[in-house]
Amino acid sequence: MKDGSCGYCMRGELLDAFGIYICDLSVSTLILFKEQSHPGRCIVAYKDHVSEFVNLTDEDRNAYFADIARAANAIHKAFKPNKINYGAYGDTGCHLHFHLVPKYKDEFEWGGVFQMNPGLKKLTDEEYEEMIQKIKENL
């Protein structure tokens with residue numbers, strides 16, 4: 001099931017406002033977050049427009065967590081963060097998704113909670129493409 005007003009469901013301009021499609025995983029979509037204060041920050045959005053984990057079967061929930069782990073592993077290999085923070089929100093969007101936020105010692109926000117969209121660092125199209133290729137090579 002899809003929601004016509006949801007960027008994760010519809011992609012296109014709605015997704016382009018905050019992210020760049022990387023690829024489909026087994027039950028989700030991997031998206032590069034455009035704001036890159038945390039190099040390698042991505043979103044793993046579940047394939048259907050559901051709000052809660054309780055809306056998934058055990059099999060789908062396990063597959064979704066496997067997708068999150070696969071994406072996190074690729075981020076670790078590609079960007080070598082000291083830690084990845086995981087955030088699951090959606091009070092207004094109501095589409096199940098996780099933010100994977102690489103954290104680096106002695107850099108932006110180390111030791112604290114990450115800002116959802118600090119708006120500090122946007123990249124060129126070429127830089128985004130380089131990041132996407134690094135992630136894909138490590139999936």
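Here are legends for close-up views of a predicted model.

Local features need pLDDT of at least 70 and side-chain atom pairs count only at pLDDT 80 or more, while totals for chains, interfaces and linings use all residues. Residues are numbered from 1 along each chain as its sequence is written, and side-chain values use heavy atoms, with hydrogens and water left out.

**View 1. F53 and F65, a stacked aromatic pair.** The ring centres sit 5.2 Å apart, with 15° between the planes. (Rings of Phe, Tyr and Trp, the last by its six-membered ring, pair if their centres lie within 6.5 Å; planes under 30 degrees apart are stacked, over 60 edge-to-face, the rest tilted.) F53 comes from the loop between β3 (42-46) and α3 (58-79) and F65 from helix α3, so the pair ties together parts twelve residues apart in sequence. (Helices are DSSP runs of H or I, at least four residues, and strands are runs of E, at least two, numbered from the N terminus.)

**View 2. Y64 and F98, a tilted pair.** Here the centres are 6.3 Å apart and the planes at 55°. Y64 belongs to helix α3 and F98 to strand β5 (residues 97-103), 34 residues apart. Zoom out a bit and Y46, F53, Y64, F65 and F98 make up one aromatic cluster.

**View 3. N85 and its polar partner K103.** N85 is part of strand β4 (residues 83-87). Its side chain makes a polar contact with that of K103 at 3.4 Å. (That's a pair of N or O atoms within 3.5 Å; within protein, one must be able to donate a hydrogen and the other to accept it, and residues adjacent in sequence count only if both atoms are side-chain atoms.)
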